[in-house]
Amino acid sequence: MQIVLFHLMPYADLDLGEGRRNGTVWVTLPNRNFDPQKGHRLYNRYLDELEYGEELGFDVVAVNEHHQTAYGLMPSPIVTASALARRTQRVKIAILGSALPLRAHPMMVAEEHAMIDVISGGRLISGFVRGIGAEYHTFGVNPTFSHDRFHEAHDLIVRAWSEPGPFSFHGHHYRVRYVNLWPRPYQKPHPPIWIPSQGSKETIDWASHSDRRYTYLQTFSPVKVVQRYLKQYRDTCAGYGYACEDRQLGWAVPVYVGETDQSARAEAKQHFEAFRNVYVRMPLEMLLPPGYTSRESLKNVMKAKAQMFGDVTLEQALELGLFVCGSAETVYRAFEQYWKDMRFGNLLVMCQFGTLPAELTRANMERFARGVLPRLKALD
Amino acid sequence: MPFTDHTLELDGCRTRYRRGGKGTPLLFLHGAGGMPVVLPFMEQLAQRFEVIVPDHPGYGRSDEPDWLENIHDLAYFYLDFVAALKLERVVLVGNSMGGWMAMEIAVRNTSRIASIVLVSPAGIAAPGAEPADIFLLSPEDTVRQLFHDQRFAEERLAIPVTPEAIDLGLKNRHTTARLAWEPRLHDPFLPKWLHRIDVPVAIVWGKEDRVLPVGIADELKRLLPQAQLKIFEHCGHLPQVEKAEEFCDFVVRFACK
């Protein structure tokens, strides 16, 4: 199993009361709540944490893209991935992912990813996402064209990476007379492509298609939901006439390892609950603008609204498998069991979440790296 | 005066419309919420006009054609629509999104149009008059923002929500987003061509409009200097509902003079 250290880089110094009062830390939380001096310390602390991930033996360090929110301070994962490309030597760097429909032009994504791949000597894993619903509000990009733009941008990027240029591209949303990428990516034919998702049939059908076989990552979902979608991915591969490899599946989950189960819970509780109940929270209309999902999916979310949009305690999260927390032994056993059930080839652990401070984050990473990571890697 | 239901297959789109009354044809173009039922103002107008109220492509009971990508597509569709129904000397009345469509139609071709009533239309932007963010409002707040007199909102909110109503609501919302998400509720190029509208125009607005503030009316009047401006006091975004009688009287006086 490949173990990925995943970071959201939240604004951990957030006044949680302000976030609560505003109803969400996305889109509308006034940016006077961001203090650039605190931001300076946080960025450097978080980059240090990811760099430390290499020293601790993680296979991959991962960053992602979010806009105008305290949830994550990486409107451009290109910036953080670039910094990591120069400060690390061995570890792979995953961008999970670039929000293709939000970017003005996919050629920029193709170029920037290719640069990082070349600079890092082929250590880049490219992730593609559509951006979450809130970001269609902040960017003004029409969500009803989100899927179309995503697919067309993807096609353009992959062709730009892998086909000899110059050639012309005639899409509905993007038209380019000369596609002729300098630099071409280091990896052949191009960096691996991962698709993080909250789970949708459309995404699974597309990512698992035998032409693509992209690694599908289920992010921050109750474990039953993770199981359902990973199984659906495997079944879909079978439907396409091939056997899904474990490397095509991944699960992203917040993790906290303490000295004991009890101390782990005590240390993580307030920070996890801040993550789940303040940083993640947003109204339905913000989360799912029209066209971002199918109307059927939207109706299902409306039905589950009370459950999805209410507060969740750490204890409930553990029961749901939204969070894995305990001693190294407990955490290992949990993942071993999940792995036996689901056989995901990639585990993405988020060792910092919400307001979790630097000392606890480091201690968590070290205990995970010492007591859990080597045993998980050995699973086969 | 009963309205009857009709279907017209046009441009590959099964288009539902209601038709009632006799007289000069009046084409009413509804707003973002669609027009799921016959409203009193339609009955009243039907005493003087032959009133035609289509569900726009993408809305209500009409199809969602693949070609529908922006407001211009609907402008051309409605030019086909009035031609297909052989309507001449049409009084074109549009509210909100429908008012925007009316302007987009009229800058292209007014040969079948006699006059236009723009009822708190979307379509243009005005400095300092920011529209409500209709895509962030909850369903209840959306209804409340539509009206000045909250009794109208209470009445509407008291109607039980059926699964069919939810489906129609999501469909209408989807199409509105497709047409008006960005640029939000307007076409930045429209003002360049408003001078092409060569038929009488009336601009009608509720003074207390909380969806498209009345400040937009001043800007539209500036762009359409020949237009008659009528502001309804104590009235929100839907004058045809909140001030139905006065609204209909105004339309009759304006269109029949």
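This is a predicted model: local features need pLDDT of at least 70, side-chain atom pairs count only at pLDDT 80 or more; totals for chains, interfaces and linings use all residues.
Two residues count as being in contact if their C-beta atoms, placed from the backbone, lie within 7 Å.

Chain B has an open sheet of eight strands with mixed pairing, in the order β1-β2-β4-β3-β5-β6-β7-β8. At its edges stand β1 (4–10) and β8 (228–232) of chain B, and each has a single partner strand, so one side of each is left without a neighbour in the sheet. From one strand to the next, the twist averages 20°.

What holds strands of a sheet together? Strands pair through backbone hydrogen bonds, either parallel or antiparallel. Take β3 (residues 24–29) and β5 (residues 90–95) of chain B: they run parallel and are joined by four bridges. Across from B:Leu26 you'll find B:Val91 in β5(B).

| Helix | Strands it lies across | Angle |
|---|---|---|
| α3(B), residues 97–108 | β3, β5 and β6 (113–119) of chain B | about 140° to β5(B) |
| α9(B), residues 244–255 | β3, β5, β6, β7 (201–206) and β8 of chain B | about 150° to β6(B) |

Chain B also touches chain A. How many residues does each chain bring to the contact? Chain B gives 12 residues and chain A gives 14 residues. On the chain B side, seven are nonpolar, two polar and three charged.

And the confidence scores? For chain B, the mean pLDDT is 97, and 100% of its residues reach 70 or more. The model itself scores ipTM 0.94 and pTM 0.96.

Notes. Residues are numbered from 1 along each chain as its sequence is written. Chains are lettered from A and ligands numbered from 1 in the order in which they are written. Two strands pair if DSSP finds at least two bridges between them. Helices (H or I, at least four residues) and strands (E, at least two) are DSSP runs, numbered from the N terminus. Axes are lines fitted to C-alpha atoms, for helices over the stretch in contact, and angles run from 0 to 180 degrees between N-to-C directions. pLDDT is the predictor's confidence in each residue, from 0 to 100. Ala, Val, Leu, Ile, Met, Phe, Trp, Tyr, Cys and Pro count as nonpolar, Asp, Glu, Lys and Arg as charged, and the others, Gly among them, as polar.
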